[in-house]
Amino acid sequence: MTFEGRTVIVTGAAQGIGAAIAGQLAAADATVVVADTNGPGAQAVASRLGHGSFGVVADVGEPDDVAALHAEVIAQTGRIDALVNNAAIVPFTPWDEVDFPEWRRIMRVDLDGVYLMCRASSAHMRGRGYGRIVNVASNTFFAGTPNMAAYVAAKGGVIGFTRALATELGPYRITVNAVSPGLVASEGVMASPHAEAFDFVGGLQALKRRGLPADIAPAVVFLASEEAGWVTGTTLNVDGGHVRH
Ligand SMILES: NC(=O)c1ccc[n+]([C@@H]2O[C@H](COP(=O)([O-])OP(=O)(O)OC[C@H]3O[C@@H](n4cnc5c(N)ncnc54)[C@H](O)[C@@H]3O)[C@@H](O)[C@H]2O)c1
């Protein structure tokens with residue numbers, strides 16, 4: 001499996017799962033666009049990747065940023081072969097403490113951002129009759145995890161959107177899939193109350209160890225590859241067997 005000569009955008013790749021995905025794509029010779037609100041973090045990751053990879057400061061929930069990001073990618077590489085929608089806000093708030101502005105803050109990034117990025121990237125992919133879109137969802141959608149209701153709803157939206165978009169983009173030979181991680185020790189998780197959940201979640205997993213960002217990346221890399229061309233509209237759980245379906 002090679003990404004030689006291919007350009008892949010990975011959002012939220014300045015740290016955590018996104019950085020692991022970027023690293024494994026670059027190891028397969030991809031030119032990776034590290035898109036993140038954290039500019040210095042994005043540049044630091046991109047500088048380690050090679051193959052002409054670069055960082056771009058972009059907020060996926062901001063239409064102007066998404067347009068500018070795509071213009072820069074086309075200007076620098078002339079192509080978009082794959083898009084990995086990984087950026088998200090991961091809250092820890094009881095449902096009855098989520099007011100409407102907080103609900104919208106989460107939806108803006110976790111669901112609107114996926115829509116905006118898919119819309120912009122697929123416009124380029126359609127013209128070339130090739131594309132791979134991989135949306136990073138969450139197994140909290142299947143588990144109904146508490147203290148994350150807006151996030152769980154957004155990730156359910158991502159899974160539904162993935163299925164519908166696969167149907168609409170199939171005629172252009174663009175595949176759209178989702179990867180649904182379980183709890184892993186990203187920087188974001190380790191700095192949040194979610195870090196307290198590893199013992200509990202580990203007890204539910206078939207595989208009894210702590211998940212890591214590098215455990216999620218291979219599934220994303222596969223679905224972003226040319227070889228995954230007959231897979232579309234699916235959601236792949238990657239969670240050590242926490243949720244079986
Ligand atoms: N870590 C887990 O246990 C876990 C489990 C299930 C799903 N996920 C999903 O995996 C993905 C990555 O999670 P993580 O734990 O690595 O997160 P993280 O918090 O460690 O990193 C998220 C990255 O996204 C960036 N980001 C945030 N908002 C952004 C925006 N508006 N535009 C661009 N970039 C933005 C941040 O700056 C950061 O670099 C997310 O979609 C998350 O929902 C994570």
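In which loop is S225 found? S225 lies in the loop between α9 (213-224) and β7 (235-238), where helices (H or I, at least four residues) and strands (E, at least two) are DSSP runs numbered from the N terminus. The model is predicted, so that local features need pLDDT of at least 70 and side-chain atom pairs count only at pLDDT 80 or more, while totals for chains, interfaces and linings use all residues. Residues are numbered from 1 along each chain as its sequence is written, and side-chain values use heavy atoms, with hydrogens and water left out.

S225 has a relative accessibility of 0% and therefore counts as buried (buried, under 20% relative accessible area; exposed, over 50%; partly exposed, in between; 1.4 Å probe, protein chains only). Leaving aside neighbours within four places in sequence, S225 is in contact with M1, F3, Y130 and R132 (contact, heavy atoms within 4.5 Å).

Strand β1 (residues 7-11) is largely enclosed by the rest of the structure, because five of its five residues are buried. On one side of β1 the buried residues are T7, I9 and T11, and on the other V8 and V10, which leaves both faces covered. In a regular strand the side chains alternate between the two faces of the sheet. β1 pairs with β2 in the parallel sense over five bridges (pairing, at least two bridges found by DSSP between two strands). T7 has T31 of β2 as its bridge partner.

Helix α1 (residues 16-27) contains 12 residues and reaches 17 Å from its first C-alpha to its last, close to the expected 16 Å (expected span, 1.5 Å times one less than the number of residues). The buried residues in α1 include G16, I17, G18, A20, I21, A22, L25 and A26. Just after α1, D29 takes a positive phi of about 75°.

Positive phi values also occur in two loops. H51, a residue other than glycine, has a phi near 55° and is found in the loop between α2 (39-47) and β3 (54-57). H51 counts as partly exposed because its relative accessibility is 38%. R173, likewise not a glycine, has a positive phi of about 60° and is placed in the loop between α6 and β6 (174-181). R173 counts as exposed, at 62% relative accessibility.

The largest pocket holds about 1100 Å³ of space. Pockets were defined on a 1 Å grid over the protein atoms alone, as open sets of points with protein on both sides within 12 Å along at least five of seven lines; lining residues have an atom within 4 Å of a point. Grid points are joined across faces, edges and corners, and a volume is the space filled by probe spheres set on the points. Of the 49 residues lining the largest pocket, I89, V90, Y151, S186 and V189 are the closest to its centre. Elements giving two or more residues to this lining include α1, β2 (31-36) and α4 (100-128).

The second largest pocket has a volume of about 190 Å³. Its lining residues include Y115, C118, R119, F161 and L165. α4 and α6 are the elements that give two or more residues to this lining, and the largest share, six residues, comes from α4.

F161 is found in helix α6 (residues 149-169) and counts as partly exposed, at 23% relative accessibility. Not counting residues up to four places away in sequence, F161 touches V114, Y115 and C118. F161 and V114 are 47 residues apart in sequence, with their C-alpha atoms 8.9 Å apart in space.

Technical notes:
1 Å grid on protein atoms, 1.4 Å probe; cavity = no way out; pocket = protein on both sides within 12 Å on 5 of 7 lines; lining within 4 Å.
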